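Dear colleague,

I am handing over the structure we spoke about, and my notes follow directly below it. Please read them with the coordinates open.

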Amino acid sequence: MVQRYVFCLLIGAIAVPALAQEKKSIWDHKLIKRFISPEKDSTRSAGFIVVPALGYAQETGLEFGLAGVYNFYLNKTDTAIRTSNITFIGTFTTEQQTNLKLESDLWTTGNQYHYTSELRFRNFPFNFYGIGNQTNERDEDVLLMQLIRLRFEGERRLAPYYYAGVNLAYERYAFSDRENGGIFQHTPPYGNAGGGHFLVGISQLYDTRDVNTYTTRGYYARAKYAYSPGFGGGDRFKGSIVDVDLRAFFPISRQLTLGFNGQYRTSMGARIPFYVYRELGGDMMMRGYYTGRYRDRSLIAFQSELRYRFHSRVGVAGFVGTGSTYRNGWRNVRLVPSYGGGVRYFFDLEHNSSVRLDYGYGEQRPGEKRQGGFYLSLSEAF
């Protein structure tokens, strides 16, 4: 069962002035102005927001927690430095399940170095539909996944707009089937027992974006390669992964921006367990599909988004896209649609940081209702 959440925005507390003080309008309060004023904070200060989460599903019981983002400059005197940020999510359920994630994206003085990292622990159910790009809703099988992930990536600028770097990661998976007789037991995928693997690789980046949080012009092209030597044998991952992410942004007017994004991801090697396969869906690419509804060794996807920021604090966007998971060549690609729209609230004008609420539509397979869903995120999709 796909989980559904009710979210509310946590901005902060507002102090009530004492009666003896001069009476002031609530709109003059510093905290209120911080979140509604159309003017930037001239101090180049950091920005912070928290989004509480509350939901319920049969598999998890009651779920509750927080997600947030902290935006800042590593060097406030450098007027060209890009925004760095730290994001986190922490949710817990009454069924003793946990989802914890801490990510960072850091830019140093002069944008000379770029570092990203991720620490993640997940003990949470998810829906498994099988392998391939034509899975059926009736085959939905609820699995409990335990995931540990440690990831670090660092890049150095070697020429104008060009970066090169290295990446390291460790991942460990374990699975248990919550429903006897499901597709996970009848046709168990390779690697169904889980396992751990190390990854080491390189990356190349070309980046001319004007702003890295809400881009209105420029290009972004990143290619990443990582290799796992398959320590431990068995069915542990032994092979390589390749990720390519291409973006282009064109300003139509001061308020209107057209963006394009294409992604290619593939897994190659002698031993490729199913948990290394590429998943279609989520809040960043192919909105409208449950993450992992279609999964296979390779993924190709495209999307375009038209963004209209009619107020410094508020904007809207519409998006269309298509993509497919596949294996054994392009002849097995089955492109499916993704489209929808949403609103953006810019809680931090200095760092152009937004809260994004989208609704995405996917395909309607024979005998099924049209796929779709809401997404609440603390950043743009690309």
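V343 counts as partly exposed because its relative accessibility is 41%, where buried means under 20% relative accessible area, exposed over 50% and partly exposed in between (1.4 Å probe, protein chains only). This is a predicted model, in which local features need pLDDT of at least 70 and side-chain atom pairs count only at pLDDT 80 or more, while totals for chains, interfaces and linings use all residues. Residues are numbered from 1 along each chain as its sequence is written, and side-chain values use heavy atoms, with hydrogens and water left out.

V343 belongs to strand 17 (residues 336–348), strands being DSSP runs (E, at least two residues) numbered from the N terminus. Leaving aside residues up to four places away in sequence, V343 touches G315, V316, V355, R356, L357 and D358, a contact being heavy atoms within 4.5 Å.

As for charged pairs, the whole structure holds 26 salt bridges, each defined as a side-chain nitrogen of Lys or Arg within 4 Å of a carboxyl oxygen of Asp or Glu. One of them joins the side chains of R344 and E380 (3.5 Å, N to O); R344 lies in strand 17 and E380 in the segment after strand 19 (372–377), so this pair ties together parts that are 36 residues apart in sequence. Both R344 and E380 are buried.

Another salt bridge is formed by the side chains of R222 and E155 (3.0 Å, N to O), and R222 counts as buried because its relative accessibility is 15%, as does E155 at 3%.

Best regards

Conventions. Helices (H or I, at least four residues) and strands (E, at least two) are DSSP runs, numbered from the N terminus.
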